[in-house]
Every structure is written in structure tokens, then in C-alpha cells.
Amino acid sequence: MQVLTFLIPISLILGGLGLAGFLYTVRSNQYDDPEGDSRRILSDEWDDQPKP
Amino acid sequence: MTAQVNPSLAACPGCLVVPRDAADEAQEAARLALSLPGIHCQACITTVEKGLNAVPGVNSARVNLTLKRALIEAAPNIHATDLIPELTKLGFEAHELDLGVLSATQSDKAGRDLLMRLAVAGFASMNVMLLSVSVWAGASDATRDMFHWISAAITLPAIAFSAQPFFKHAWTALRVRRLNMDVPIVLALVLALVTSLWETSLSGEHAYFDAALTLTFFLLAGRYLDFRTRAVARSAAEELAALEVPRAILLRDGVEAEVAVGDLSIGDLILVRPGGRMPVDGEVVSGQSELDRSLLTGETLPVFAGQGTVISAGEVNLTGPLTIRATAVGKDTSLHRMGDLVAIAESGRSRYTSLADNAAKLYAPGVHILSALSFAGWYLYTWDLRTALNIAAAVLIITCPCALGLAVPAVTTAASGRLFRKGMLIKDATALERLAQVDTVVFDKTGTLTAGTPQLTNLDDFYRADLELALALAEASAHPLSRSLAQAARDAGVSAAEVTDIREVPGFGTEAQYQGTRVRLGRAAWVDAPSNACTTAWLDAGDGAAPRGFEFTDALRPGAAEAVQGLLDAGKQVFLLSGDSSEAVEGVATRLGVSDWVAEALPEDKVDLIQTLFDQGQKVLMVGDGLNDTAALTAAHVSISPASALDAARVASDIVLLGQDLTPIAEACDVAKRATKRIRENFQLATLYNVIAVPLAVAGLATPLIAALAMSTSSITVSLNALRLR
């Protein structure tokens, strides 16, 4: 049962990471235009970031 | 969409072409919003953004496809009127939006708040479920206790944060001594947490931490869907209101100044250009023109306006500029007084109780009684408070309205999404349920079934020479009849005759010299022609012959015939109700195959007809756009108005048609029927799960595993059933 001392914190941290990631996407307005964003990937324009 | 006020931060390549001097002005950049009803794909996004970014002075333009809107950061001297022609050239319909009316940020905040709570509940329930599965899989003794304690440490703060909306709503209901859906939810949550903590501290076997969290999660999902549907409807409704930018041109000592309509006062001189809408009631001081009164009265024939003509707010000036003196402003205008009729008409909405409310009324007391009875029964049977409380908690958790909470919002979200894609906007939460019951449809004519644009009917009766002359004269005017005549003539391959000295006489017509004689195209009295009932423009070719009349009829809106046919096929009774003359109404009625029609109806008559139909037990759907329909729209069981309708009419209706096409009306009735059927099915499904699980809970056989299974499967089946509508 020693393994639980690692596994439980790991599962909690992973869950926390997922939550943090989700909150980041909400805060950076990534759900404002789901329809448009799903179409923009088809566009050749580099409209979100300058072309590398 | 970060606000890019500073042009140097603009990240899109299109902005690099913007001349810096235009953007470098010290003034604050202008933010503009355009509504783009026609965009639908990624090519549209690219074209619009490229086109807008190419306009000098535009710093950045970003299209939001979900809202069908473009947000533009531009130099302060750029106005929407500079950008709209650019988009029209690219083939996109665009309208200016008043950003002041769009309060998207506010609803955004509430939605984001719900989403955060949903996320916390979701991630916490995943972690707790992981621990619970280990317990169900056979963890025992110290390990089980540890798992329970960790679950408690995650659950308590997560619920304290996520379930706040339920706590608040339950408290507001309890404070006024009422029961709502949230009271049993909060009771179940609290009871589940208390008994689980108690059990855990006694090293007990059953803890309901996972149930409490998944319950919160599913209920929040229902709330969020519900909120989203309403937020989309609200933002689109705001958008429609924002389309009317209320400005007027005030003449102060002969100088024109653009002011807000709200700032006008009695006695002000106001200039109304052709195409403009009268902002106030008043009297014409100078100028001659024709007025389109169709939005107020339903008449299609334009009315002559000259010095001394009394005008009402809402009428549209057609040909010449008019200077008017305001006699009534703001709330005193006839536009607003007509609105008062709405307040008198009893709203169809208020007579209706939604299916969800009906279910809640049965459900909330039932659950409390059931749970209290099982507590009392088990306490009397065993005299053990712990067992009795455990069983009461299990009953509450199992009956908890997860599926009930999802049953309605999941269906309405799916149905409204489907109708929104077809160009219909559901404004009211119960509109779909009411639409499903409709058996009678009442249409307004002008502006609803007809497009409000005239269509030439007797082109073939004319000699080519006359048509060439008429085209030359018609091209010089922006009057709707002239434009329609010019369009029809050009489509027939006619080219304009050579005329000289052409001029428009506002309110009468156009006049020119042709081969040495005076030729005229205009109203009957001006060219000495007999007046007739049908909309006619007369041509005096100057050859001594009697003037020849171009006859017009009101063009049907696209899809009008299909919509009416669809409704008739579905076995609904269709009425045509209009303030226009009998001939005009009969013509449209015959073309559409509608046998029941009423002409020259006053606003009161329209309400009376709806009321009569209601008294006969019929459920009426009213479709109308004018101010004279507003009261009827309110009185009807459910109402639809096109986006081109006046603000007051759109506010009074439950559903707004966003496009030009009327076809979706027939389909909407069908979707509404199926949606209501799904809602009922969902209630039955939820009840079925309860019928199976509740006896187990009351008998004391329910374990946290059974509770989790019943809750998840019922919620998922209910959502899947709703998705069948998409």
C-alpha cells in the first residue's frame, strides 16, 4: 500500500492541472466563437499569430 | 478577443497595410460593430476580414462567426457608413450595431461564473469518483477510511464553491416561504454531506461524497445549457435593438447637427432625408415628399407630404428632404401611445405554465414527504437515528432531480440551436412549448407576407419606346416604384432613352425634356391621369396621348407561399389580417390560397379577432411586423416577427425571424412539437428511473454505487434523447 502515497497525490495533481488548464482557456476567451474557431483552421491566413 | 486599442499591438498581417499616420492620432480609437447576417463559412471570415483590414484607418477587424458579427478597431474618423459599402461590394449584407446597447460583457461574466463552478464540480467529482471506485472495488478498513477522508477534503470545499447558485436560489425561495426545485437539491446535498461525514468518522461503509458532487455537476450542466440558450437569444435580441441607431439631424439656426433622438424637444426643427424614419410626431415646415406609412397602418400606397402635413413618428420619408417641426417627442409620440395598447392586451405568455413548472410543483413536495416518511418509518422500526438518517439521505439523493434538471434545458438547447441555424431566434423560454400547441395562424400582410417592395405587373403591355423613356425617367429617382420599374425594364433588356434636363420633383415624380417635349413619370394628379386603387406610376410621354399607367403589386416575401402551404398542409387554419385596402389584401390572399382574410383592420380589430379565436379555444400564432400588430402579437398565444419589424413589435413577440425567408415558420411548428414530445419523454424516463430506484432506497438496499449508477444513466439517457432533435 506504500504506492498509494505516490498515486493519490499524483492523481490529485493531474486533476488540478486539468482544472487549471480549463480555467485558462475560459479566461483567455477561447469559448467566445467556437463556430468561427473551428472554421479558421481551414483558412490559409495567419490571422491569430504572425507567420513564423 | 483582446481589445487592440493601440495599433502597434495589432497582431494580424492585414493591419500592416494601415497607414500609420491615420492611426497615430492622439484620439482614442473608435470601436465599431457590424452585424453580418449572411456569413457562414471560413471563406466568408477571410474575405470580410481582408476587405475590412484593407480600408485605410482600420486597425483590426475580427469576425465572430457564432454571433455573425464583426468587431472593428479603427481610427476615430472612420464610421460604419464607410465600411458597409466595402462589404456590400464584396457581396455581404452588413448593418451597423450600436455598441452601447450590446452589453455582452455582462452576460459573459455570469456565463463564465457558471462555467467555472461547473469545471470545479466536474474535476472534483472525477477525483472523488476515482477514490469511490476503489472503495466499491473492495478497499476496506484503514484504506477505505483514508479514501473517505480524502474524498471529504475534496468534496466539502468543491461543493461550497460550486453549489452556491443552488444555495442562493433555495434561500430566496425559503425566505418567502415557498418551495422550488432548489430546496430539495440543497437538502439532498447537505444531508448527503452530513451523513457521509458522520459515517466516515465512525468508519462506516457507505459515503455519498461522489453522489453529492456528480449531482452538483449534472445540475450545473443543466443550468449552464439553460443560461447559454437564453444568453444567445438575449445577445441576438440586443443586436436587433442595436440595429436601430437612434439619431436625428437637428437644424439649429440653419446649421445641421446630429443628435440623439432622446435629446429632441418640442418645437425643434428636424431635417429628415429621403430614406430616413421620422423620429418624432410633427408637422412639415418645408419640403415635399412621399411617406411610407406601412409600418404604422399596413397601407402600401405612399402618401403625399407637403407643407402642413401632419406626420407621426415611425413613418419613412421616401423622395425629398423634409424639414419638420416636432409637436410631440419621446413617450408622447403616437409610436409610444400605440405601445400602450400592448399593456392593455392580456399577454398569451402570462396564461401559460411551463411543463417544467408543472413538474416542479408535483415533484418538490413529493420528494420531501417521501424522504420524511422513510425517515420516520425507519426510526420507529429500528429506534436508530443513524440508520434512519442514512436512508432518508439515500432517498433524497436518488430522487434528486438530475434528470429533471436536464430534461428541459437539454431539449430546448438542441431545438433552439436547430432553429437558430434555420434563421429563427427563440426569445422566450416557454415559446417552443406554446408553439407546439398552435392550431391557428394569423398573418399580417404588409412587411410580413409581402416584402414591402413593389413589383411591376404589366410590363408586357408597353411599347419599347415607352419603356425606354420610362427607364430614363425612373433611373433619376430613388423612389421605390422608380427603382422597381428601372430594375424590371433593365431585366427585360431595355436601354434608357436619351433625355435632357432631367429633374426629380419631390412628392410628384420625375420630369425631363425628350425630343423637344416635356415628359413626366409620376403620380396620377401630376400627369392628369385618372386615379385608381392599385399602386400605379403614370407616364406622360408628351405625345398628346393619354398617360399610361405602370401597375405595381407588393412582392411576396421569399418563402411566403411555402410557409403558408406548409401550415395548411399541417392542418392549421390560416388567417390573413391587414390594415391595407380590400383589393390589395384579396390579391395576396388569392395568390397564397388563403380563404380567410380581413382587410382594413384597425389595431383594435386585430386584438379583437385574436381574442375571439382564443375564446373559441383556439391557440393562435400571430406573425406580424408593424406597430399596428403589436397589441395582437402580445395577445396571441405565441408570436413571431421578422427582423425587419419595428422594435416594439419584436419586443412583443416570442420568436424573431432573422432572415428574409418565411419558410422556417412551418418547420418551427414541427420542431416545437417534437421538442415538447422529447421533454415529455424525458420526464417519463426520469420517472422510470425513480420508480426502479426509489423502492430500493426506501427499503434500505441502496448503496452509493446504485445511487451513482441511477443518477448517471438517467442523466445521460435524458441528454442523448434531447440530442436526437439536432
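Which residue stands opposite B:Leu71 in S3(B)? B:Arg62 does. This is a predicted model: local features need pLDDT of at least 70, side-chain atom pairs count only at pLDDT 80 or more, and totals for chains, interfaces and linings use all residues. Residues are numbered from 1 along each chain as its sequence is written, while chains are lettered from A and ligands numbered from 1 in the order in which they are written.

Start with chain B as a whole. It holds 24 helices and 26 strands (DSSP runs numbered from the N terminus: helices are H or I, at least four residues; strands are E, at least two). Of its 726 residues, 48% are buried (20 or more other C-beta atoms within 10 Å of the residue's own, with C-beta atoms placed from the backbone).

Now take strand S3 of chain B, residues 69-74. Six of its six residues are buried. On one side sit B:Arg69, B:Leu71 and B:Glu73; on the other, B:Ala70, B:Ile72 and B:Ala74. S3(B) pairs with S1(B), residues 30-35, in the antiparallel sense over six bridges (strands pair if DSSP finds at least two bridges between them). There, B:Leu34 has B:Ala70 as its bridge partner. Six bridges also join S3(B) to S2(B), residues 58-64, again antiparallel. S2(B) and S3(B) form a hairpin with four residues between them. In that turn, B:Lys68 has a positive phi of about 50°.

Three strands of chain B form an open, antiparallel sheet in the order S10-S9-S12. S10 (303-305) and S12 (316-317) of chain B each have a single partner strand, so one side of each lacks a neighbour in the sheet. Three bridges join S9(B), residues 289-292, to S10(B). B:Leu291 has B:Val303 as its bridge partner in S10(B).

Key
A residue is buried if 20 or more other C-beta atoms lie within 10 Å of its own, exposed if 12 or fewer, and partly exposed in between; C-beta atoms are placed from the backbone.
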